[in-house]
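User: I have a model open and want to go through a few local features with you. Can we take them one by one?
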Amino acid sequence: MDKTEKITTLAKIVSLCKRRGFVFPSSEIYGGLAAVYDYGPYGIELANAVKAQWWKDMVQLREDVVGLDAGIFMHPKVWEASGHVTNFSDPLVECKKCHFRLRADHLLGEIGVEADEKMSEQEINKLFNENKKKIKCPNCGSTEFTEVKKFNLLVKSNLGNFTGSPDEEPVFLRGETCQGIYVNYKNVLDSTRVKIPFGIAQIGKVFRNEITARQFIFRTREFEQMEMQYFVHPDQELEEYEKLKKLRWEFYKKLGIQEKNLRWHQHENLVFYAKQAYDIEYKYPFGFDEMEGVHARGDYDLSQHSKFSGQDLNYTDPKTGQKYIPHIIESSVGVSRIVLALLVEAYREEKIGNETRTVLKLSNQVAPVKVAVFPLLKNKVELVKKAKEIYSRLKVKYLCEFDDHGNIGKRYRRQDEIGTPYCITVDFDSLEDGAVTVRDRDTMKQERIKIEGLERYLGERLE
Ligand code: GAP
């Protein structure tokens, strides 16, 4: 009989995240701020590990991709050129009874009607009205809604507006990181040795005035995006697009996500400039939903920035002399969508006798703590001294934790819940035989290992 139960609800993940210091609601002591979350001590390690893997895969291991870190504030014209000022919106509908604000495309999706945020106001209103009788407000059950309106998601700031005049052009907090890449494309080209095809990668904060604030860290108003924009010759666009799709799928497998929980979703309603658009969806507790977007964007981005800035953003092929505006394919993903997927994927409740152990079976590369070191007893100086020595040695190489609280069973349970792959216990025999007990998170098997061989033992398993 399989002793592993896999009933992963979002409520269980939210509870574990709070209890064990992965994710906290923002400014909680003041009642929280909707759709904003803070990473706690273990959450930040997990998120950092995801970012490090992404950067390694995207930049370090590739000769054709370089990194960038552009500012969050950008010239207001950037967002006009990109189309965000006029088109970056979601369809908002309000319940007439309780005034709950909802996304019309999501309400339609829940009753099995395909709709998305790219539809025109007219199209989505027509669809919404046709299905109105079947749609209920999830808050109060009413079926009375206002008309669907396009609601712009850009977040405005008052940066540089010292007069308080409403006529001043607002400086937005960026709505996606890739605009920083497009406006630096020429700088990168002129200052490095990159040649087409090449990519620019960036990880950074993004802000969106999301209408709905549900689904925990899946949809937040402030989040980190990891984006890679790949500049190609127009004739290479679809071939390179297929290559990128494969790489992105493999990335999730490497992070430990099972293929059965992943699927491709093709966008049916393409924006006019796009050649292809697919999402990688993950099976979250609320169903399959978008984790990452992989898009072939044509020459739209650089053509728009060329037009609005008046700068020539053509690329000149060094061999043929051909001039052209490069086409762009992109990989775009929110860090928290991967973090949530990894938590869901790793979460297990296992029956051990009469007890249930909760364990996060995270892959070694993303586990927030790699090794925990315990002295068997807290009040035995020699045990604590030896355990501290081992901890000090190992922490140079791995994220380690020293724990002497409660009994060993409780310490194991705590480390299981944060996903620590190995726990090391120093006992009285250790002082005699120079060996410690190493316990494996997944099998719970324990082995005696010589202290001087610990680095090798862990190296073979963790690296
Ligand atoms: N540059 C393209 C772009 O930004 P997008 O589909 O709007 O495209 C890309 O966003 C990715 O960013 C999504 O696939 C998702 O992983 C992440 N994302 C978008 N909105 C998010 C939100 N409110 N909270 C967390 N992640 C989000």
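User: Which residues of helix 13 are buried?
Analyst: This is a predicted model. In helix 13, which covers residues 408–418, the buried residues are Ile-408, Arg-411, Tyr-412, Gln-415, Asp-416, Glu-417 and Ile-418.

User: What does the side chain of Asn-407 reach at the start of helix 13?
Analyst: The backbone nitrogen of Gly-409. A side-chain oxygen of Asn-407 comes to within 3.1 Å of that nitrogen.

User: And what about phi just after helix 13?
Analyst: Gly-419 sits there, with a positive phi of about 85°.

User: Switching to helix packing. How do you describe two packed helices?
Analyst: By the angle between their axes and the distance between the axes.

User: OK, so at what angle do helix 2 and helix 9 cross?
Analyst: Roughly 140°, and their axes come within 12 Å. Helix 2 is residues 41–60 and helix 9 is residues 237–254. With that angle, helix 2 counts as oblique to helix 9, because roughly antiparallel is kept for angles over 145 degrees.

User: Left-handed or right-handed?
Analyst: The crossing of helix 2 and helix 9 is right-handed.

User: Which residues make the contact?
Analyst: From helix 2, Val-50, Gln-53, Trp-54, Asp-57 and Met-58. Helix 9 brings Arg-248, Phe-251 and Lys-254.

User: How does that contact split by class?
Analyst: Between helix 2 and helix 9 there are four nonpolar residues, three charged and one polar.

User: What is phi at Ser-27?
Analyst: Near 40°, which is positive, and the residue is not a glycine. Ser-27 is in the loop between strand 2 (23–25) and strand 3 (37–39).

User: Why does Ser-27 count as partly exposed?
Analyst: Its relative accessibility is 36%, and partly exposed covers the range between the buried limit of 20% and the exposed limit of 50%.

User: Then Phe-216. What is its phi?
Analyst: Near 55°, again a positive value in a residue other than glycine. Phe-216 is placed in the loop between strand 10 and strand 11 (222–232).

User: Is Phe-216 buried or exposed?
Analyst: Buried, because its relative accessibility is 7% and the cut-off for buried is under 20%.

Definitions and conventions
Residues numbered from 1 in each chain as written. Predicted model: local features only at pLDDT ≥ 70, side-chain atom pairs only at ≥ 80, totals over all residues. Heavy atoms only, no water. Buried < 20%, exposed > 50% of the residue type's maximum accessible area, 1.4 Å probe, protein only. Helix = DSSP H or I, 4+ residues; strand = E, 2+ residues; numbered from the N terminus. Polar contact = N/O pair within 3.5 Å; in protein donor to acceptor, adjacent residues only side chain to side chain. Axes fitted to C-alpha atoms, helices over the stretch in contact; angles between N-to-C directions. Parallel < 35°, antiparallel > 145°, perpendicular 65-115°, else oblique. Left-handed = near helix turned anticlockwise from the far one by under 90°. Contact = heavy atoms within 4.5 Å. Nonpolar A, V, L, I, M, F, W, Y, C, P; charged D, E, K, R; others polar.
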